[in-house]
Amino acid sequence: MTLKPPPLKNDCFALPAGVHWTPVDDALTLLRSRLHTVIETETLPLAQTAGRVLAEPLAARRSNPPQANTAVDGYGFSGAVPEGEHVMPLVQARAAAGVALEDTVPPGHAIRVLTGAALPQGVDTVILEEDVTLGDGEIAFRGPLKHRANTRDAGEDVVAGHDILPRGRRLTPADLALASATGLSEAVVYRPLRVAVLSTGDELVEAGDTAAPGQIYDANRPMLLAMIQRFGYVPVDMGRVPDDRAALTERLSMAADKADLILTSGGASAGDEDHVSALLREGGAMQLWRLALKPGRPLALGLWNGAPVFGLPGNPVAALVCALIFARPAMAVLAGMDWQRPQAFTLPAAFEKKKKPGRREYLRARIRDGRVEVFASEGSGRISGLSWAEGLVEISDEACHIRPGDPVTYIPYASFGL
Ligand code: AMP
Ligand code: MG
């Protein structure tokens, strides 16, 4: 483990004064500018780094291909061949992958070559075996054939010494192939981000327990914990806390000890029982963002003992949207990655929708027959719609009337990493 980066500043979520309803993009720009990587690095064998984030760029130790080689099974010789019929004597040797030949193939002679074999000295062009008649110690074929046909140049893919993967890259299986092929065996990566998840509310009971009238099952915690896991971070389950300052204080402190970031749900507005926002405000490092966003009432942002806290709304639909739109890119930066914009697709709407301009909206959506359909109800307590959906449709701040066939922005859950 190396040195830990400095803690986030106390005022890191402060919004410009006088702003009441913050446009989503402004809030995102602000978040982006205030956050930085907060975790340590470690050096791991390459095979253990899938899903980890590079803390230092990787540079190729070796070129790929390391030497010029043949792309096909056939016969190799030097130079282009003009049109017409040709007969060429064969040398005795054979070039196969993994075997280095010492001898030079004389001009006007050919050598048997197998796919992947390094080109022997004196060979820079290869003819396919299907295009050749093999005789006794010689081959016959028809030209023309271009100089360097059917060969691969040394370093045509990657040149030794060049950077192959940047800092902040979350390593994919394909990246491991690239790094291995270019001679690397370890990488300096960030330790995975630990994210604490905490539900608040007197009304909540654990799934599976008996629920009295008025009580509801905690739906956000399993959802958020699973989301963290899918993002490749380490979920830290901090359970449920009643609407009680002392209990919440203690639990937040425990969470700040165990995790790099805390996600709470519920109690984030300015009401009597909204203790998350009240506590963060008392701590002096709290901002209540009144976002021009639906669904998503105020989002409470603050620091608790140095750990950033995202106080998500209690409604599961709003909690999911705020987690995907705000917490996800923030977590990526804390974890060492670049700011992430989910890949979106423009598709025709299969629905009609009227809304107030000046507010961003996310609707639960999915694609059917190439068009984007939305869940019948926009109610933010409709958890079934979250599960029905396969993504979100993003309706721009300015839009006020979407008609069937209009292009809309669809973001599959998969684009968020779910
Ligand atoms: P709050 O933000 O605490 O006012 O909660 C808003 C709504 O979301 C209320 O109806 C809560 O009962 C509900 N809610 C809060 N937390 C959860 C949770 N973990 N699971 C399901 N519903 C919740
Ligand atoms: Mg509550």
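Predicted model: local features only at pLDDT ≥ 70, side-chain atom pairs only at ≥ 80, totals over all residues.

Reader: With which residue does Glu 378 form a salt bridge?

Author: The general idea is to look for a side-chain nitrogen of Lys or Arg within 4 Å of a carboxyl oxygen of Asp or Glu. In this case the partner of Glu 378 is Lys 353, and the closest N and O atoms are 2.9 Å apart.

Reader: Is Lys 353 buried or exposed?

Author: A residue is called buried when its relative accessible area is under 20%. Lys 353 has 7% relative accessibility and therefore counts as buried.

Reader: Which side chain meets Arg 360 in a salt bridge?

Author: That side chain belongs to Asp 397, with an N to O distance of 2.6 Å. Asp 397 is found in the loop between β27 (391-395) and β28 (401-402), and Arg 360 in strand β25 (residues 360-368), so this pair ties together parts that are 37 residues apart in sequence. As for burial, Asp 397 counts as buried at 14% relative accessibility, and Arg 360 counts as buried at 6%.

Reader: How many salt bridges does a search of the whole structure find?

Author: The search finds 23 salt bridges. One of them joins Lys 4 to Glu 40, with the closest N and O atoms 3.3 Å apart. Lys 4 sits in the segment before β1 (22-23) and Glu 40 in the loop between α1 (24-34) and β2 (41-45), so the pair ties together parts 36 residues apart in sequence. Lys 4 is partly exposed, at 49% relative accessibility, whereas Glu 40 is buried, with a relative accessible area of 11%.

Reader: Which residues are linked with Lys 4 and Glu 40 in a network of salt bridges?

Author: The network also includes Arg 191, Arg 194 and Asp 260.

Reader: How should I read charged residues that gather on the surface? Which residues form the patch of negative charge?

Author: For such a patch, one considers residues that have over 30% relative accessible area and no salt bridge. Here Asp 202, Glu 203, Asp 244, Asp 272 and Glu 273 gather in a patch of negative charge on the surface. Asp 244 is placed in the loop between β17 (234-241) and α4 (245-258), and its relative accessible area of 34% makes it partly exposed.

Reader: Let us turn to the backbone. Where are the cis peptide bonds?

Author: The angle to read is omega. A cis peptide bond joins Asn 64 and Pro 65, with omega about -10 degrees, and Pro 65 lies in the loop between β3 and β4. The bond from Gly 143 to Pro 144 is also cis, with omega near 5 degrees. Pro 144, for its part, lies in strand β10 (residues 138-145).

Reader: What is the phi of Asn 150, and where is this residue placed?

Author: Asn 150 has a positive phi of about 60 degrees although it is not a glycine. Asn 150 is placed in the loop between β10 and β11 (151-152) and is partly exposed, with a relative accessible area of 28%. Asn 305 likewise has a positive phi, near 50 degrees. The place of Asn 305 is in the loop between β21 (299-304) and β22 (307-312), and Asn 305 is exposed, with a relative accessible area of 60%.

Reader: How can separation in sequence be set beside distance in space?

Author: One takes a pair of residues and reads both values. Gly 201 and Gly 267 are 66 residues apart in sequence and 7.1 Å apart in space, C-alpha to C-alpha. Gly 201 lies in the loop between β14 (194-200) and β15 (204-205) and is buried, at 6% relative accessibility. For Pro 66 and Ile 367, the values are 301 residues in sequence and 46 Å in space, C-alpha to C-alpha.

Reader: What is the radius of gyration of the protein chain?

Author: The protein chain has 30 Å, whereas a compact globule of 418 residues would have a radius of gyration near 22 Å. The C-alpha trace spans about 95 × 55 × 45 Å along its principal axes. The secondary structure comes to 7 helices and 29 strands, and buried residues make up 48% of the 418 residues.

Terms used: Residues numbered from 1 in each chain as written. Chains lettered and ligands numbered in written order. Heavy atoms only, no water. Helix = DSSP H or I, 4+ residues; strand = E, 2+ residues; numbered from the N terminus. Buried < 20%, exposed > 50% of the residue type's maximum accessible area, 1.4 Å probe, protein only. Patch = residues over 30% accessible without salt bridge, like charges linked within 9 Å, V, L, I, M, F, W, Y side chains within 5 Å. Areas by Shrake-Rupley, 256 points an atom, 1.4 Å probe, with all protein chains shown as cover. Lys, Arg positive; Asp, Glu negative; His and termini not counted. Charge placed at Lys NZ, Arg CZ, Asp CG, Glu CD. Rg over C-alpha atoms; globule rule 2.2 N^0.38 Å.
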